[in-house]
Every structure is written in structure tokens, then in C-alpha cells.
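Hi there,

I am passing a structure on to you, as promised.

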Amino acid sequence: MKKLFLTMLVVLVSMSAMAQDKKWGAGINLLYGTEIKNIGFGVKGQYYATDVVRVEANANYFMKNSNYGGEDYSMKMWDVNVVGHYLIDVTGGNKKAFVYPLAGIGITNWVHSVVSTKVKFAINVGAGFQYDVADDFAVNAEAKYQIIDKFNQAVFSVGAVYKF
């Protein structure tokens with residue numbers, strides 16, 4: 001047991017030693033949801049656990065769709081998610097452009113004009129692309145699929161993040 005603990009400790013220390021200088025990021029997103037059928041806006045915070053593993057928390061609000069399901073029926077929606085990214089350098093070691101798979105969980109809230117509000121659990125899977133414009137600024141594009149009971153949707157986003 002002591003050997004296992006010591007091995008895990010060495011691995012954790014090694015991972016933190018490999019981590020980037022800039023471990024945090026904060027940014028914004030412009031989104032489109034295919035079930036809500038409208039645009040949305042979001043904010044995000046990122047933590048770089050290592051050079052290749054990043055955890056992101058985001059909160060998004062999708063604008064009211066006044067024509068969702070008929071004239072007298074509208075819907076708006078918000079969600080809060082925690083996702084993991086595995087960054088893959090596609091620039092041959094220059095570390096300027098990355099692709100990444102993403103996976104995570106979230107809570108969504110669907111607000112209907114006729115029916116009651118629906119709070120639902122979500123599973124997020126997808127992929128993204130990030131380009132580092134400067135050491136402390138990056139832009140990205142993502143496509144993810146939210147698996148939500150009766151409200152599954154694809155979400156497409158573009159965003160920017162400041163790293164510090």
C-alpha cells in the first residue's frame with residue numbers, strides 16, 4: 001500500500017511539474033442550440049491540470065425562441081456544465097493549434113411559456129479546436145452533443161479565452 005501511495009505521489013508531482021505557466025483561463029462563447037433553435041451566450045472558466053488535460057466550467061443562456069412549437073408557445077433555456085478536454089497539438093510541437101475531444105456533465109433548465117419549467121441532467125460529448133493567438137489569448141470552436149431526456153441537442157460554439 002505504501003508503494004502504491006508513493007508511486008501516485010510521484011506521478012502527481014511529475015504532472016504538476018509539467019504543467020503550463022498559465023494554469024487558468026476565462027472567456028466567452030457565442031452558441032447555437034439545435035433543440036432550442038436559437039443563439040446563446042456563455043462564460044467559461046478553465047483550469048489546466050497538465051499541458052494536455054484541461055477542465056472547463058461554463059454557464060450558457062440561450063435566447064427565447066418565440067416560435068418554438070407554435071404561435072402561443074415559446075421556450076428559453078440555460079445550462080451549467082463541467083467538461084474535460086484532452087489537448088492534442090496539431091502544429092508539430094509549436095503548441096499553437098490544438099484539437100480536443102470533450103466529455104462532461106451538466107444541468108439544464110428549459111423554461112416553457114405554457115408548460116412548467118424542466119430541470120434536466122445532461123451528458124456532453126464532442127470535439128473542439130483551439131488556436132493560441134498569443135501566449136495569453138486563444139480562440140476556439142466547438143461542436144458538442146448534449147444528451148438530455150427528451151431535449152437532446154447539438155450545440156455549436158465559437159469563443160475566446162484569456163489565460164493567466
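Here is what I found in it.

This is a predicted model, so local features need pLDDT of at least 70 and side-chain atom pairs count only at pLDDT 80 or more, while totals for chains, interfaces and linings use all residues. Residues are numbered from 1 along each chain as its sequence is written, and side-chain values use heavy atoms, with hydrogens and water left out.

The chain has 1 helix and 9 strands (DSSP runs numbered from the N terminus: H or I of at least four residues for helices, E of at least two for strands). From the N terminus, the order is α-β-β-β-β-β-β-β-β-β.

Of the 164 residues, 38% are buried (under 20% relative accessible area; exposed is over 50%, partly exposed in between, with a 1.4 Å probe and protein chains only). The largest nonpolar core has 12 residues, including Trp-110, Phe-151 and Met-75; such a core is a set of buried Ala, Val, Leu, Ile, Met, Phe, Trp, Tyr and Cys residues joined through side-chain atoms within 4.5 Å. A second, separate core of 6 residues includes Tyr-48 and Phe-98.

Two lysines are worth a look. Most residues other than glycine have a negative phi. Lys-95, however, has a positive phi of about 55°; this residue lies in the loop between strand 5 (88-89) and strand 6 (97-112) and is partly exposed at 48%. Lys-150 also has a positive phi, about 65°. Its loop joins strand 8 (137-148) and strand 9 (153-163), and Lys-150 is exposed at 72%.

Happy exploring!
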